[in-house]
Amino acid sequence: NVITIRDYEKEADALVKMNDRTCSVCLDMSFDRVAREKHEAVVHFKETQKFKCDHCEKTYTNKNALNYHVIRHSQDFVKPSCEQCGSQFSCSESLVRHEQIVHKSAKNKLSFECDDCGKS
């Protein structure tokens with residue numbers, strides 16, 4: 001089975017329109033639209049990483065991302081840590097996800113309800 005460039009572009013356009021997390025060039029699936037836009041800019045459109053951290057080697061395409069990163073170098077920044085195992089995380093959302101998955105935390109447990117019968 002041979003696929004033409006036209007067929008590929010047609011499928012890529014359909015996927016991108018259906019899901020804004022899908023890269024329009026390589027069809028890679030990103031975490032969200034912002035991550036997809038950064039992926040496309042850096043990987044495919046060779047946008048340069050203009051903003052460099054003074055504390056480490058990391059670079060960013062925009063000032064806001066750099067500022068968010070620099071906070072993590074501050075002595076005032078305390079990484080959220082798990083009370084059960086001591087694992088540390090870069091943000092509280094990651095800690096909550098860790099507790100849900102690893103420790104099956106009831107207080108943060110994800111629940112889904114069936115539309116037909118109401119059971120979760």
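Is A12 buried or exposed? A12 counts as buried, because its relative accessibility is 3% and buried means under 20% relative accessible area, with exposed over 50% and partly exposed in between (1.4 Å probe, protein chains only).

Before moving on, a word on what you're looking at. This is a predicted model, where local features need pLDDT of at least 70, side-chain atom pairs count only at pLDDT 80 or more, and totals for chains, interfaces and linings use all residues. Residues are numbered from 1 along each chain as its sequence is written, and side-chain values use heavy atoms, with hydrogens and water left out.

**Stop one: around A12**

Keep A12 selected and show helix α1, residues 5-18, where A12 lies. Helices here are DSSP runs of H or I with at least four residues, strands are runs of E with at least two, and both are numbered from the N terminus. Contact here means heavy atoms within 4.5 Å. Next, pick the C-alpha atoms of A12 and C23, which are separated by 8.3 Å and sit eleven residues apart along the chain.

**Stop two: the loop and L27**

Go to the loop between α1 and α2, where you'll find L27. L27 is partly exposed, with a relative accessible area of 29%. Check its backbone too: phi of L27 is positive, near 65 degrees, in a residue other than glycine. Most residues other than glycine have a negative phi.

**Stop three: H39**

Select H39 in helix α2, residues 33-44. H39 is buried because its relative accessible area is 17%. Which residues does H39 touch, not counting those up to four places away in sequence? They are C23, C26, D28, S30 and H44. With H44 there is also a polar contact, side chain to side chain, at 3.2 Å. A polar contact is a pair of N or O atoms within 3.5 Å; within protein, one must be able to donate a hydrogen and the other to accept it, and residues adjacent in sequence count only if both atoms are side-chain atoms.

C26 counts as partly exposed at 38% relative accessibility. Then jump to C56, also in no disulfide, with the sulfur of C53 as its nearest cysteine sulfur, 3.8 Å away. C56 is partly exposed, with a relative accessible area of 22%.

**Stop five: R72 and Y68**

Show both side chains. The charged end of R72 sits over the ring of Y68, 4.1 Å from the ring's centre. That label needs NZ of Lys or CZ of Arg within 6 Å of the ring centre and within 35 degrees of the ring normal.

**Stop six: helix α4**

Select residues 92-102, helix α4, and colour its buried residues: S94, L95, H98, E99 and Q100. K104 follows α4 and has a positive phi, near 50 degrees.

**Zoom out**

Finally, view the whole protein chain, with its four helices and two strands, in the order α-α-β-β-α-α along the sequence. Of its 120 residues, 20% count as buried.

Key:
Disulfide = S-S within 2.5 Å.
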